[in-house]
Amino acid sequence: MTNTRSPAGSAGLLAGGVALATLPFWVGDFYQLHLAQLIGVYWILIVGLNLVVGFTGQLSIGHVGLLAIGAYTFAFLAGTHELNPLFAIAIAGVIGGLCGLLLGLPSLRLPGFYFAMTTMAFSLIVTELTLAQDEITGGGIGLAVPGVSAPFDTPDGLYWLILIVGGLVTWLTWNVSRCMWGRSLIAIRDSEITAMAVGISLFRAKLIVFVFSGVTAGVAGALFASLQSYITPDTFVFELGLFFFVCIIIGGRGSILGPFIGTIILTALPELVAPLAKLGNFFYGLTLLAVVLLIPEGLQRLFEVLAEKLRPRRIESHVVTPDLTRLAAAIREGQSR
């Protein structure tokens, strides 16, 4: 596959990477750094969920349940049993993937609406279990969560850990999206009948990406718990699952950059309208309505249109030179007849 990325695009990616890597050095205050950490944690979950929603077209709105499982797994292992926090993060990812497997096996065979209801029911069940199993989860009181071990035991260190994990899962997702297997996911989203006709195993593809999204949700839950330092069942409300879903829809399905921009905007939006905090859901709804009506394909498409308009157009002239030898032969053949 040839690389069609323009020098300007490569320079933009390099500048963005440098800005993210050096953010702790130029950020304004600790709260802004905390907001950047939160965006990174959300993105770790959303980048996996994007394969399910954006590429495969499955309406999963209950990933907050997998986030809660990862968070409580980390709190239980690293806090209650004093396991190494980095090892506990890895186990939280494994548990999240296992729960994704157990949830996906029966539910991924259902049509879209019923699958969405199944994931919603799953998240509600997880909330009830965290309330009932107070000897493990602390019940309604919750659990204190330890920080991550050195060298990530500082705010800057935690940010870089989130950046490393986020960069890794983004790289994995990007590689999946640009290969033939990623094209098969888009084919499933656009037309399952056509995908089956060309030999794509629908259930197998859906299950693999759903398990992967469970792993990323589990890891994100562990990092989220460490970032919050204290978790309760009220931390993982159902609206948070809708938030993850909306970030993908606003950003644009079938892309990587779009949902990332959507995550940044929707996470920072409550802070931009802090004096109107009670109207936070109103601004979420207004943003979603505006994007759906004005840019149905998401913010990714808006940036593509702007890039096309700003890109200098090349005027190429194609001069077709006639083949005089063949022309003369054809004339002689016609005359001989």
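1. Glu192 has a relative accessible area of 34% and therefore counts as partly exposed. In this predicted model, the side chain of Glu192 forms a salt bridge with that of Lys206, at 2.8 Å from N to O. The pair links distant parts of the chain, since Glu192 belongs to helix α10 (residues 192–197) and Lys206 to helix α11, 14 residues apart. Lys206 is buried, because its relative accessibility of 6% falls under the 20% limit.

2. The search of the whole structure finds two salt bridges. Asp190 is exposed, at 55% relative accessibility, whereas Arg189 is partly exposed, at 22%.

3. How are α3 and α11 oriented to each other? The axis of helix α3 (residues 30–55) comes within 7 Å of that of α11, and the two cross at roughly 165°. Because this angle is over 145 degrees, α3 and α11 count as roughly antiparallel. The crossing of this pair is left-handed.

4. Gly65, a residue of helix α4, is buried, with a relative accessible area of 2%. Its C-alpha atom is 9.7 Å from that of Leu240, although 175 residues separate Gly65 and Leu240 along the chain. Leu257 is found in helix α13 (residues 257–272) and is partly exposed, with a relative accessible area of 44%. From C-alpha to C-alpha, Leu257 and Val47 are 9.8 Å apart, while in sequence they are 210 residues apart.

5. Backbone geometry deserves a separate check. In general, most residues other than glycine have a negative phi, and most peptide bonds are trans. Glu82 is not a glycine, yet it has a positive phi of about 55°. Glu82 occupies the loop between α4 and α5 (85–107) and is exposed, with a relative accessible area of 71%. Ser229, which is not a glycine either, has a positive phi of about 70°. Ser229 lies in the loop that runs between α11 and β2 (230–231) and is partly exposed, at 40% relative accessible area.

6. Which residues does the cis peptide bond join? The bond lies between Ala150 and Pro151, and its omega is about 10°. Pro151 is located in the loop between β1 (143–144) and α8 (155–178).

7. The last point concerns the surface. Leu110, Phe113, Tyr114 and Met117 make up a nonpolar patch there, and together they have about 400 Å² of accessible area. Met117, one of these residues, is part of helix α6 (residues 112–132). Met117 counts as partly exposed, because its relative accessibility is 31%.

Conventions:
Residues are numbered from 1 along each chain as its sequence is written. This is a predicted model: local features need pLDDT of at least 70, side-chain atom pairs count only at pLDDT 80 or more; totals for chains, interfaces and linings use all residues. Side-chain values use heavy atoms; hydrogens and water are left out. Patches are made of residues with over 30% relative accessible area and no salt bridge: like charges are joined within 9 Å, nonpolar side chains (Val, Leu, Ile, Met, Phe, Trp, Tyr) within 5 Å. Accessible areas come from the Shrake-Rupley method with a 1.4 Å probe; for residues, only the protein chains shown count as cover. A salt bridge is a side-chain nitrogen of Lys or Arg within 4 Å of a carboxyl oxygen of Asp or Glu. Helices (H or I, at least four residues) and strands (E, at least two) are DSSP runs, numbered from the N terminus. Buried means under 20% relative accessible area, exposed over 50%, partly exposed in between (1.4 Å probe, protein chains only). Axes are lines fitted to C-alpha atoms, for helices over the stretch in contact, and angles run from 0 to 180 degrees between N-to-C directions. Angles under 35 degrees count as roughly parallel, over 145 as roughly antiparallel, 65 to 115 as roughly perpendicular and the rest as oblique. A crossing is left-handed if the near helix is turned anticlockwise from the far one by less than a right angle, and right-handed if clockwise.
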